[in-house]
Amino acid sequence: MKTIKRHEWGARAPRNRTPLTNSVRGVALHWVGVKVTGDPLKIVKGIQTYHQDTRGWFDIAYNVACSQDGRAIECRGWRTRSGANGSSKLNRQYAAILCLIGPDQKPTDEMVDAVRDQIASFRRVFPKATEIVAHGDLQATACPGGDLKALLEIGAFDPANPPKHGEAPVVSSGYPLPSRILKRGSSGDDVRWVQHRLNIKGAKPRLVVDGIFGPRSMRAIKKLQKNNQPEAGPIDGIVGPKTLKILRRGSTWQK
Ligand SMILES: [Zn+2]
(Lines give C-alpha, C1' and ligand atoms only; values in the text may rest on other atoms or scores of the structure.)
Protein backbone atom coordinates (compact mmCIF):
# COMPACT_ATOMS: atom_id res chain seq x y z
CA MET A 1 0.00 0.00 0.00
CA LYS A 2 1.05 3.57 -0.65
CA THR A 3 2.83 5.38 2.14
CA ILE A 4 1.38 8.75 3.13
CA LYS A 5 4.15 11.29 2.59
CA ARG A 6 5.21 14.02 4.98
CA HIS A 7 3.66 16.86 3.00
CA GLU A 8 0.32 15.04 3.07
CA TRP A 9 0.14 15.32 6.85
CA GLY A 10 1.61 18.79 6.98
CA ALA A 11 4.92 17.82 8.56
CA ARG A 12 7.27 20.58 9.58
CA ALA A 13 10.80 20.36 8.25
CA PRO A 14 13.25 18.40 10.38
CA ARG A 15 15.64 20.67 12.25
CA ASN A 16 18.48 18.35 11.39
CA ARG A 17 19.08 14.74 10.38
CA THR A 18 21.63 11.97 10.81
CA PRO A 19 21.70 9.38 8.05
CA LEU A 20 20.87 5.77 8.79
CA THR A 21 23.73 3.62 7.50
CA ASN A 22 24.50 0.00 6.74
CA SER A 23 25.31 -0.65 10.38
CA VAL A 24 21.54 -0.92 10.91
CA ARG A 25 20.41 -4.41 11.94
CA GLY A 26 16.66 -4.21 11.52
CA VAL A 27 13.55 -2.55 12.87
CA ALA A 28 12.14 -2.04 16.35
CA LEU A 29 8.39 -1.88 16.98
CA HIS A 30 6.88 0.81 19.20
CA TRP A 31 3.47 1.87 20.36
CA VAL A 32 2.12 5.22 21.47
CA GLY A 33 1.58 3.92 25.00
CA VAL A 34 -1.60 5.92 25.61
CA LYS A 35 -4.97 5.35 24.03
CA VAL A 36 -5.06 6.57 20.43
CA THR A 37 -8.27 8.03 19.00
CA GLY A 38 -9.04 10.22 16.02
CA ASP A 39 -7.42 10.98 12.70
CA PRO A 40 -4.04 9.17 12.44
CA LEU A 41 -2.53 12.04 10.44
CA LYS A 42 -3.42 14.56 13.15
CA ILE A 43 -2.02 12.22 15.79
CA VAL A 44 1.28 11.94 13.94
CA LYS A 45 1.37 15.72 13.55
CA GLY A 46 0.75 16.10 17.29
CA ILE A 47 3.58 13.70 18.07
CA GLN A 48 5.91 15.69 15.82
CA THR A 49 5.00 18.93 17.58
CA TYR A 50 5.61 17.28 20.94
CA HIS A 51 8.95 15.80 19.89
CA GLN A 52 10.22 19.02 18.30
CA ASP A 53 8.84 21.63 20.67
CA THR A 54 8.66 19.88 24.02
CA ARG A 55 11.43 17.31 23.74
CA GLY A 56 13.64 19.48 21.55
CA TRP A 57 14.38 16.73 19.06
CA PHE A 58 15.20 17.15 15.36
CA ASP A 59 11.91 15.67 14.20
CA ILE A 60 9.23 13.13 15.08
CA ALA A 61 11.34 10.31 16.49
CA TYR A 62 10.04 7.43 14.35
CA ASN A 63 10.80 6.36 10.80
CA VAL A 64 7.21 5.48 9.98
CA ALA A 65 3.86 5.16 11.75
CA CYS A 66 1.12 2.59 11.05
CA SER A 67 -2.51 3.11 11.97
CA GLN A 68 -5.25 0.70 12.97
CA ASP A 69 -6.99 1.35 9.66
CA GLY A 70 -3.89 0.12 7.82
CA ARG A 71 -2.29 3.38 6.73
CA ALA A 72 1.48 3.83 6.72
CA ILE A 73 2.52 7.41 7.45
CA GLU A 74 6.04 8.52 6.59
CA CYS A 75 7.94 10.13 9.47
CA ARG A 76 11.75 10.32 9.14
CA GLY A 77 11.80 7.80 6.30
CA TRP A 78 14.31 4.94 6.06
CA ARG A 79 17.37 7.01 5.21
CA THR A 80 17.40 8.92 8.48
CA ARG A 81 18.34 7.59 11.91
CA SER A 82 15.46 7.42 14.35
CA GLY A 83 15.36 9.02 17.79
CA ALA A 84 12.97 6.53 19.37
CA ASN A 85 14.98 3.59 20.66
CA GLY A 86 16.50 5.22 23.73
CA SER A 87 20.18 5.63 22.84
CA SER A 88 22.24 6.69 19.83
CA LYS A 89 23.69 3.20 19.63
CA LEU A 90 20.21 1.65 19.44
CA ASN A 91 19.09 4.30 16.98
CA ARG A 92 22.06 3.40 14.79
CA GLN A 93 21.10 -0.28 15.01
CA TYR A 94 17.33 -0.14 14.53
CA ALA A 95 14.83 1.83 12.52
CA ALA A 96 11.68 2.63 14.52
CA ILE A 97 8.14 1.73 13.47
CA LEU A 98 5.37 3.31 15.51
CA CYS A 99 2.08 1.44 15.85
CA LEU A 100 -0.70 3.89 16.61
CA ILE A 101 -2.21 2.04 19.56
CA GLY A 102 -2.03 2.15 23.32
CA PRO A 103 -2.94 -0.23 26.13
CA ASP A 104 -6.33 -1.93 25.66
CA GLN A 105 -6.18 -1.33 21.92
CA LYS A 106 -5.68 -4.35 19.68
CA PRO A 107 -3.46 -4.29 16.64
CA THR A 108 -5.86 -4.86 13.74
CA ASP A 109 -5.17 -7.15 10.79
CA GLU A 110 -4.81 -4.00 8.68
CA MET A 111 -2.18 -2.62 11.03
CA VAL A 112 -0.24 -5.88 10.98
CA ASP A 113 -0.34 -5.90 7.18
CA ALA A 114 0.84 -2.29 7.04
CA VAL A 115 3.75 -2.98 9.39
CA ARG A 116 4.75 -6.03 7.38
CA ASP A 117 4.66 -3.98 4.17
CA GLN A 118 6.79 -1.30 5.77
CA ILE A 119 9.36 -3.85 6.89
CA ALA A 120 9.48 -5.15 3.31
CA SER A 121 10.05 -1.59 2.09
CA PHE A 122 12.78 -1.08 4.73
CA ARG A 123 14.51 -4.26 3.54
CA ARG A 124 14.56 -3.00 -0.02
CA VAL A 125 16.79 -0.22 1.29
CA PHE A 126 18.75 -2.34 3.80
CA PRO A 127 18.51 -5.96 2.62
CA LYS A 128 20.84 -7.30 5.30
CA ALA A 129 18.98 -5.66 8.19
CA THR A 130 16.57 -8.49 8.84
CA GLU A 131 15.99 -8.27 12.59
CA ILE A 132 12.50 -7.44 13.87
CA VAL A 133 12.48 -6.64 17.58
CA ALA A 134 10.25 -5.04 20.18
CA HIS A 135 11.41 -1.84 21.84
CA GLY A 136 11.10 -3.87 25.05
CA ASP A 137 13.74 -6.29 23.75
CA LEU A 138 16.23 -3.41 23.68
CA GLN A 139 15.36 -1.56 26.87
CA ALA A 140 13.29 -2.04 30.00
CA THR A 141 9.97 -0.74 28.68
CA ALA A 142 6.45 -2.10 28.19
CA CYS A 143 6.57 -0.73 24.63
CA PRO A 144 5.05 -1.94 22.29
CA GLY A 145 2.64 -3.89 24.52
CA GLY A 146 1.83 -7.58 24.87
CA ASP A 147 -0.26 -8.02 21.73
CA LEU A 148 2.36 -6.67 19.35
CA LYS A 149 5.05 -8.68 21.15
CA ALA A 150 3.01 -11.88 20.78
CA LEU A 151 2.46 -11.20 17.09
CA LEU A 152 6.15 -10.52 16.68
CA GLU A 153 7.03 -13.83 18.33
CA ILE A 154 5.00 -15.84 15.87
CA GLY A 155 6.52 -14.05 12.89
CA ALA A 156 3.41 -12.08 11.92
CA PHE A 157 5.49 -9.08 10.77
CA ASP A 158 8.03 -11.00 8.77
CA PRO A 159 7.70 -10.19 5.05
CA ALA A 160 9.19 -13.62 4.35
CA ASN A 161 6.15 -15.09 6.09
CA PRO A 162 3.21 -13.60 4.19
CA PRO A 163 -0.21 -14.81 5.37
CA LYS A 164 -1.16 -16.77 2.29
CA HIS A 165 -4.47 -18.52 2.17
CA GLY A 166 -4.10 -21.99 3.59
CA GLU A 167 -0.66 -21.47 5.10
CA ALA A 168 0.54 -20.60 8.55
CA PRO A 169 1.01 -18.28 10.23
CA VAL A 170 -2.24 -16.50 9.58
CA VAL A 171 -2.40 -14.96 13.00
CA SER A 172 -3.28 -11.34 12.81
CA SER A 173 -6.27 -11.22 15.08
CA GLY A 174 -4.23 -9.25 17.60
CA TYR A 175 -4.97 -11.77 20.32
CA PRO A 176 -1.91 -13.34 21.91
CA LEU A 177 -0.87 -16.80 20.85
CA PRO A 178 -1.34 -19.23 23.78
CA SER A 179 1.83 -20.04 25.68
CA ARG A 180 0.10 -22.38 28.14
CA ILE A 181 -2.22 -25.38 27.97
CA LEU A 182 -5.82 -24.27 27.50
CA LYS A 183 -8.85 -26.34 28.45
CA ARG A 184 -12.40 -26.05 29.69
CA GLY A 185 -12.44 -23.43 32.43
CA SER A 186 -9.47 -21.44 31.05
CA SER A 187 -10.05 -17.79 30.29
CA GLY A 188 -8.11 -14.89 28.84
CA ASP A 189 -7.08 -13.26 25.59
CA ASP A 190 -5.26 -16.41 24.50
CA VAL A 191 -8.62 -18.22 24.67
CA ARG A 192 -9.95 -15.47 22.39
CA TRP A 193 -7.14 -16.35 20.00
CA VAL A 194 -8.28 -19.99 20.02
CA GLN A 195 -11.93 -19.02 19.44
CA HIS A 196 -10.97 -16.63 16.65
CA ARG A 197 -8.91 -19.37 14.97
CA LEU A 198 -11.70 -21.92 15.36
CA ASN A 199 -14.08 -19.51 13.65
CA ILE A 200 -11.62 -18.95 10.81
CA LYS A 201 -11.41 -22.71 10.47
CA GLY A 202 -15.17 -22.90 10.08
CA ALA A 203 -16.39 -23.87 13.53
CA LYS A 204 -20.15 -24.57 13.52
CA PRO A 205 -21.83 -23.05 15.36
CA ARG A 206 -19.54 -20.02 15.28
CA LEU A 207 -18.07 -19.30 18.67
CA VAL A 208 -18.51 -16.13 20.61
CA VAL A 209 -14.99 -14.71 21.00
CA ASP A 210 -15.41 -14.02 24.70
CA GLY A 211 -12.18 -15.47 26.07
CA ILE A 212 -14.00 -18.08 28.13
CA PHE A 213 -13.22 -21.71 27.33
CA GLY A 214 -16.64 -23.27 27.77
CA PRO A 215 -18.31 -26.43 26.47
CA ARG A 216 -18.80 -25.03 22.94
CA SER A 217 -15.13 -24.21 22.60
CA MET A 218 -14.27 -27.66 23.92
CA ARG A 219 -16.57 -29.37 21.40
CA ALA A 220 -15.08 -27.33 18.56
CA ILE A 221 -11.56 -28.32 19.64
CA LYS A 222 -12.56 -32.00 19.81
CA LYS A 223 -13.99 -31.78 16.30
CA LEU A 224 -10.79 -30.17 15.04
CA GLN A 225 -8.75 -32.88 16.72
CA LYS A 226 -10.95 -35.60 15.23
CA ASN A 227 -10.50 -34.13 11.75
CA ASN A 228 -6.74 -34.00 12.14
CA GLN A 229 -5.82 -37.48 13.26
CA PRO A 230 -3.36 -38.77 14.16
CA GLU A 231 -1.25 -35.63 14.43
CA ALA A 232 -3.66 -33.84 16.77
CA GLY A 233 -3.07 -36.51 19.42
CA PRO A 234 -5.83 -37.54 21.82
CA ILE A 235 -9.31 -36.16 21.13
CA ASP A 236 -9.57 -34.55 24.54
CA GLY A 237 -10.68 -30.98 23.80
CA ILE A 238 -7.47 -29.62 25.32
CA VAL A 239 -5.26 -27.14 23.45
CA GLY A 240 -1.71 -28.36 23.85
CA PRO A 241 1.24 -27.98 21.47
CA LYS A 242 -0.09 -30.42 18.84
CA THR A 243 -3.55 -28.86 18.66
CA LEU A 244 -2.00 -25.39 18.71
CA LYS A 245 0.06 -26.28 15.66
CA ILE A 246 -3.11 -27.27 13.81
CA LEU A 247 -4.92 -24.12 14.92
CA ARG A 248 -2.10 -21.93 13.64
CA ARG A 249 -2.12 -23.41 10.19
CA GLY A 250 -4.41 -23.01 7.23
CA SER A 251 -7.90 -21.68 7.10
CA THR A 252 -10.19 -24.68 6.85
CA TRP A 253 -10.98 -27.83 8.72
CA GLN A 254 -9.00 -29.72 6.09
CA LYS A 255 -5.26 -30.15 6.24
ZN1 LIG B 1 8.99 2.43 22.19
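Biologist: What does "buried" stand for here?

Modeller: A residue is buried if 20 or more other C-beta atoms lie within 10 Å of its own. This model is predicted. Take strand 6: its covered face holds Ile132 and Ala134, and its uncovered face holds Glu131 and Val133.

Biologist: Which strand does strand 6 run parallel to, and how many bridges join them?

Modeller: Strand 2; the two are parallel and joined by 4 bridges. Gly26, for instance, has Glu131 of strand 6 as its bridge partner.

Biologist: And what pairs with strand 5?

Modeller: Strand 2 does, in the parallel sense, over 6 bridges. Leu29 is partnered there with Ile97. Strand 3 (residues 64-66) also pairs with strand 5 in the parallel sense, over 3 bridges. Cys66 stands opposite Cys99 of strand 5.

Biologist: Why is strand 5 largely enclosed by the rest of the structure?

Modeller: Because 6 of its 6 residues are buried. Tyr94, Ala96 and Leu98 point one way. Ala95, Ile97 and Cys99 point the other way.

Biologist: Now a helix. How do I read which side is buried?

Modeller: An α-helix has 3.6 residues a turn, so residues three or four places apart point the same way. In helix 5 (residues 146-153), the buried residues are Asp147, Leu148, Ala150 and Leu151. Their arc around the axis is only 160°, so they sit on the same side of helix 5.

Biologist: What covers the buried residues of helix 5?

Modeller: The cover includes strand 2 (26-31), strand 5 (94-99), helix 3 (109-125) and strand 6 (131-134).

Biologist: Which residue just after helix 5 takes a positive phi?

Modeller: Gly155, with a phi of about 80°.

Methods: Residues numbered from 1 in each chain as written. Predicted model: local features only at pLDDT ≥ 70, side-chain atom pairs only at ≥ 80, totals over all residues. Buried ≥ 20, exposed ≤ 12 C-beta atoms within 10 Å, placed from the backbone. Arc of directions from axis to C-beta. Contact = placed C-beta atoms within 7 Å. Pairing = 2+ DSSP bridges.
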